[in-house]
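Subject: Handing over a structure

Hello,

Here is the structure I promised to pass on to you. Please have a look at it first, and then read my notes below.

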Amino acid sequence: MILRLDHIYKDYIQGKMTVPVLKDVSLHVEEGEYVAIMGPSGSGKSTLMNIIGCLDKPTSGEYELDGKNVLSLNDKAMAAVRLQRIGFVFQNFQLLSRQSALENVALPLVYAGVRKRVRRQRAREALEKVGLEDRVNFKPTQLSGGQKQRVAIARAIVNKPKILLADEPTGALDSKSSRQLMELFQKLNDEGVTIVMITHDPGIAGYAKRVVDIFDGEISERTSPAG
Amino acid sequence: MLENVRLSFQGIWSHKMRSFLTMLGIIIGIASIIAIVSTIKGTNDQIKQSLIGAGSNRVDILMTENGNPVYIWSASEIPSGFRKVSDETKQKILDLDSVESVTCYNERTNSGGTFYQNSALSDAKLRGVDENYFKTCGLILQTGRNFVEEDFKEFHKVLIVDDVAANNMFGKENPLGKIVEISQVPFTVVGVVAEKPSQAPAISTISQYYNYTSDSSGVLYLTEAAWPIIYSYDEPENVIVKAVSTDDMEKAGEDAAKILNATITASDVSSEETVESGSGSGIKYKANNVAEQARKLQDLSAATNNQLIWIASISLLVGGIGVMNIMLVSVTERTSEIGLKKAIGARKSTILGQFLTEAAVLTSMGGIIGVATGIGMARVINKVSGVAVAVSIPAAAVAVLFSMLIGIIFGFLPSVQAANLDPIEALRRE
Ligand SMILES: Nc1ncnc2c1ncn2[C@@H]1O[C@H](COP(=O)(O)OP(=O)(O)OP(=O)(O)O)[C@@H](O)[C@H]1O
Ligand SMILES: [Mg+2]
């Protein structure tokens with residue numbers, strides 16, 4: 001089992017008030033699964049995603065990633081987990097605007113201490129995989145939304161992570177680009193990458209093999225997908 | 001690391017105007033310091049050259065009374081206790097390891113009795129010298145001949161004049177063979193000497209340094225053997241030694257003075273009256289410590305300039321605060337970039353390194369531009385005011401390193417702030 005979250009609680013302290021955002025969330029994901037998380041705005045989807053992505057720690061609960069308890073790790077080890085095992089895709093792409101597509105994709109490899117030649121080679125391969133081999137030296141401002149998101153996906157997979165986390169990856173895209181993106185996700189999932197994706201759009205959620213609903217911080221499994 | 005430096009340049013380049021304004025404080029501070037240091041070094045080099053002389057290594061050992069040099073105006077003023085320096089004493093001095101050559105000379109400051117044709121030469125100095133004088137002092141024969149052994153043995157009434165005296169007395173006429181009367185004794189000019197052109201004038205006191213251009217009426221040299229022809233007696237002598245190297249000058253002077261002072265004690269014992277006058281501060285030979293005087297003069301010029309350096313340092317401080325300010329703005333601006341980098345696996349130390357590098361690159365560039373500007377300013381100072389300047393390479397290197405340090409110090413707080421940024425907070429902002 002690649003992700004095992006048990007009885008996760010997350011509270012935010014807002015002044016004197018404690019705001020519970022996640023309430024007893026348990027989620028188990030097997031290797032190679034493709035999971036969509038759906039829920040209304042403010043239900044705690046991003047909060048859950050940040051915990052899964054080792055960017056945040058829950059107030060209480062258990063979390064094992066690939067059989068390893070990650071909640072006991074220090075900052076440095078958390079950074080290493082993010083670098084090696086997780087790929088992130090964000091709604092608003094989060095590309096560095098001054099760097100070319102290739103440099104953006106190669107960035108995680110810089111942190112991994114990969115040599116420059118190898119770095120460029122692997123970044124190029126990742127861009128090929130997302131179908132952008134002819135946009136290698138383009139700056140983000142010279143790319144369309146769909147292309148930008150594909151660069152972001154190339155960056156997420158360049159370190160060959162086991163898990164791809166996407167927080168509303170199609171949120172800023174039109175339907176055609178969204179469909180292309182979902183085809184890409186499907187391809188990656190077929191290659192064995194575990195995908196956890198947040199979305200508002202039931203159509204998008206339909207691409208996933210498993211859909212999880214979150215409502216007001218509580219989670220529920222949907223029995224018939226894409227309902 | 002190299003990647004960081006490259007990215008820093010990229011960042012600086014993409015905000016050219018802002019980067020330049022940020023650097024400006026550093027540039028001005030470093031430029032002023034380099035200009036000041038160059039002037040200090042220039043002045044110091046000049047002082048050293050003028051005072052110590054380029055390679056002349058000459059140390060004057062003068063007779064002193066109560067610490068002041070003895071100037072002999074008339075026979076009655078000769079302090080008892082000093083003697084003509086014996087050959088044996090000269091040999092002892094020459095045997096010193098630090099001494100290359102030694103010479104002794106008589107000197108009279110008043111040459112009122114000196115005439116050429118009908119004009120008196122009241123300003124010229126008169127010196128009775130031994131065989132080694134010209135060699136030791138680095139004087140070069142220009143025309144005529146040097147003193148030879150017969151001049152000393154047979155008391156020839158011959159005169160060698162320096163180029164200044166020759167010019168004063170004879171103008172454009174050929175000095176050789178001219179008759180100069182000294183206390184009504186006719187002397188024939190047989191040669192003219194001059195300083196080596198490469199050699200700076202040997203100046204032995206601070207006051208001389210200041211008047212040396214005005215103080216040049218020339219010197220007339222006769223043999224020490226001929227001295228009693230004019231003044232009736234052998235008179236005590238000042239001594240000049242040439243040290244083996246510039247570093248040996250102090251030691252050569254002190255050791256030679258010690259040997260000479262031993263001869264005073266010896267004469268004191270033999271003569272009742274000088275025992276009394278020789279007691280207390282009394283009379284002694286004293287080496288003119290040129291190196292020390294050069295240092296004093298250099299300290300004097302450095303002291304004023306050091307205050308200027310402090311003022312320039314304030315500009316560096318202000319520049320540093322400017323860098324800190326811009327870095328803080330930059331961290332705020334790039335919050336989402338920092339958040340993203342952390343999300344995809346950058347460590348705290350990586351972010352810290354990136355921002356510190358950026359600050360250091362920024363201020364180092366400021367430092368380099370500042371050094372270049374400072375050198376330019378020094379050149380302009382030199383052109384406009386004629387003050388000597390010399391660019392010091394170590395000072396330039398230190399200046400650049402120092403500006404880098406300023407970047408690291410003042411960039412530290414913003415960098416720590418960036419490194420500690422919460423990635424979720426950062427990504428949430430748009
Ligand atoms: N730092 C915080 N301090 C206080 N409350 C917070 C903080 N971060 C999130 N919250 C609250 O937690 C709740 C869940 O936020 P979250 O971002 O997870 O929602 P979401 O499901 O991703 O919504 P959306 O679909 O709009 O992105 C919200 O009510 C939000 O106000
Ligand atoms: Mg969200």
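Let me start with one residue. B:Lys90 has a relative accessibility of 10%, so B:Lys90 counts as buried (buried means under 20% relative accessible area, exposed over 50%, and partly exposed in between, with a 1.4 Å probe and protein chains only). B:Glu224, at 12%, counts as buried too.

Before going on, some ground rules: this is a predicted model, in which local features need pLDDT of at least 70, side-chain atom pairs count only at pLDDT 80 or more, and totals for chains, interfaces and linings use all residues. Residues are numbered from 1 along each chain as its sequence is written, chains are lettered from A and ligands numbered from 1 in the order in which they are written, and side-chain values use heavy atoms, with hydrogens and water left out.

Salt bridges

B:Lys90 and B:Glu224 form a salt bridge, with their closest N and O atoms 3.9 Å apart (a salt bridge is a side-chain nitrogen of Lys or Arg within 4 Å of a carboxyl oxygen of Asp or Glu). B:Lys90 sits in helix 3 (residues 87–94) of chain B and B:Glu224 in the loop between strand 11 (219–223) and helix 8 (227–231), so the pair ties together parts that are 134 residues apart in sequence. Helices (H or I, at least four residues) and strands (E, at least two) are DSSP runs, numbered from the N terminus.

Another salt bridge joins B:Glu149 and B:Lys153, at 2.8 Å from N to O. These two are 4 residues apart in helix 5 (residues 149–153) of chain B, which puts about one helical turn between them. Both B:Glu149 and B:Lys153 are exposed.

B:Arg334 and B:Glu337 pair at 3.3 Å, N to O, in a salt bridge, and both residues are buried. Through salt bridges with shared partners, B:Arg334, B:Glu337, B:Lys341 and B:Glu358 belong to one network. Over all chains, the count is 23 salt bridges.

Where the chains meet

How many residues does each chain bring to the contact? Chain A gives 23 and chain B gives 24, where contact means heavy atoms within 4.5 Å. About 2100 Å² is buried between chain A and chain B, and carbon and sulfur atoms give 59% of that area (buried area is the accessible area, with a 1.4 Å probe, that two parts lose on being put together, summed over both). A:Gln94, A:Arg98 and A:Tyr111 supply 28% of what chain A buries against chain B, more than any other three residues.

The interface of chain A and chain B holds 2 salt bridges. B:Arg6 forms a salt bridge with A:Glu103, their closest N and O atoms being 3.3 Å apart. On the side of chain A that touches chain B, helix 2 (75–85) and helix 3 (101–111) of chain A each supply at least two residues.

Around the ligand

Which residues come nearest to ligand 1? Of the 15 residues around ligand 1, these are A:Ser41, A:Gly42, A:Lys45, A:Ser46 and A:Thr47 (a residue is near a molecule if one of its heavy atoms lies within 4 Å of it). Residues from chains A and B surround ligand 1, so the site is shared between chains. A polar side-chain atom of A:Ser41 is 2.5 Å from an oxygen atom of ligand 1, and a polar backbone atom of A:Gly42 is 2.9 Å from an oxygen atom of ligand 1.

Best wishes

Note on methods: A polar contact is a pair of N or O atoms within 3.5 Å; within protein, one must be able to donate a hydrogen and the other to accept it, and residues adjacent in sequence count only if both atoms are side-chain atoms.
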